[in-house]
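This report covers a single protein chain, from its overall dimensions down to one residue. The structure comes first.

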Amino acid sequence: QVQLVESGGGLVQAGGSLRLSCVAPRSIFGNNVMGWHRQAPGLQRELVSSISRGGNTNYADSVKGRFAISRDNAKNTVYLQMNSLKPEDTAVYYCAAKTYGSGGTFSWNYWGQGTQVTVSS
């Protein structure tokens, strides 16, 4: 399987900031939508943010105005800048790539291993 590699997670105080990074093989990164998902204890995994090849972005309502996704196509890297962090943001964050896979559907087919983000009160 294609390996996406996340980094940048850690422990921060409420109100602080972190920047997550995800590096993908060029063959995947250069031709697909990239995104960040998160899984918090007791909650379903949710899509936090995504960015298209052309730079169009989407955000979950819970992070609008606080998080910003970006991509550097030359470095095959997608970032998630997280500001004004809240304890509710505590979760494992996963990088993913959306591609045209089996069956012809456009779906999240490639995933990273996840990076833990913990926000203390």
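## Basis

This is a predicted model, in which local features need pLDDT of at least 70 and side-chain atom pairs count only at pLDDT 80 or more, while totals for chains, interfaces and linings use all residues. Residues are numbered from 1 along each chain as its sequence is written, and side-chain values use heavy atoms, with hydrogens and water left out.

## The chain as a whole

Along the sequence the elements follow the pattern β-β-β-α-β-β-β-β-β-β-β-β.

For 121 residues, a compact globule would have a radius of gyration near 14 Å, and the chain agrees with its 14 Å; the radius is taken over C-alpha atoms, and the globule rule is 2.2 Å times the number of residues to the power 0.38. Along the principal axes, the C-alpha atoms fill a box of roughly 45 × 30 × 25 Å. Of the 121 residues, 41% are buried, meaning under 20% relative accessible area with a 1.4 Å probe, counting protein chains only. Contacts (heavy atoms within 4.5 Å) between residues at least 6 apart in sequence join residues at least 24 apart in 55% of cases. The chain exposes about 6300 Å², of which carbon and sulfur atoms supply 47%, by the Shrake-Rupley method with a 1.4 Å probe.

## A four-stranded sheet

Four strands form an open sheet in the order S1-S3-S8-S7, with antiparallel pairing; two strands pair if DSSP finds at least two bridges between them. S1 (5-7) and S7 (67-72) are the edge strands, and each has a single partner strand, so one side of each is left without a neighbour in the sheet.

S7 and S8 (residues 77-82) run antiparallel and are joined by six bridges. Asp72 has Thr77 in S8 as its bridge partner.

Phe29 belongs to helix H1 (residues 26-29). Is this residue buried or exposed? Phe29 is buried, with a relative accessible area of 0%.

Leaving aside neighbours within four places in sequence, Phe29 is in contact with Ala24, Met34, Arg71, Asp72, Asn73, Asn76, Thr77 and Val78. Among them, Asp72 and Thr77 are the bridge partners named above. Thr77 is 48 residues from Phe29 along the chain, and their C-alpha atoms are separated by 7.6 Å.

Conventions
Helix = DSSP H or I, 4+ residues; strand = E, 2+ residues; numbered from the N terminus. Buried < 20%, exposed > 50% of the residue type's maximum accessible area, 1.4 Å probe, protein only.
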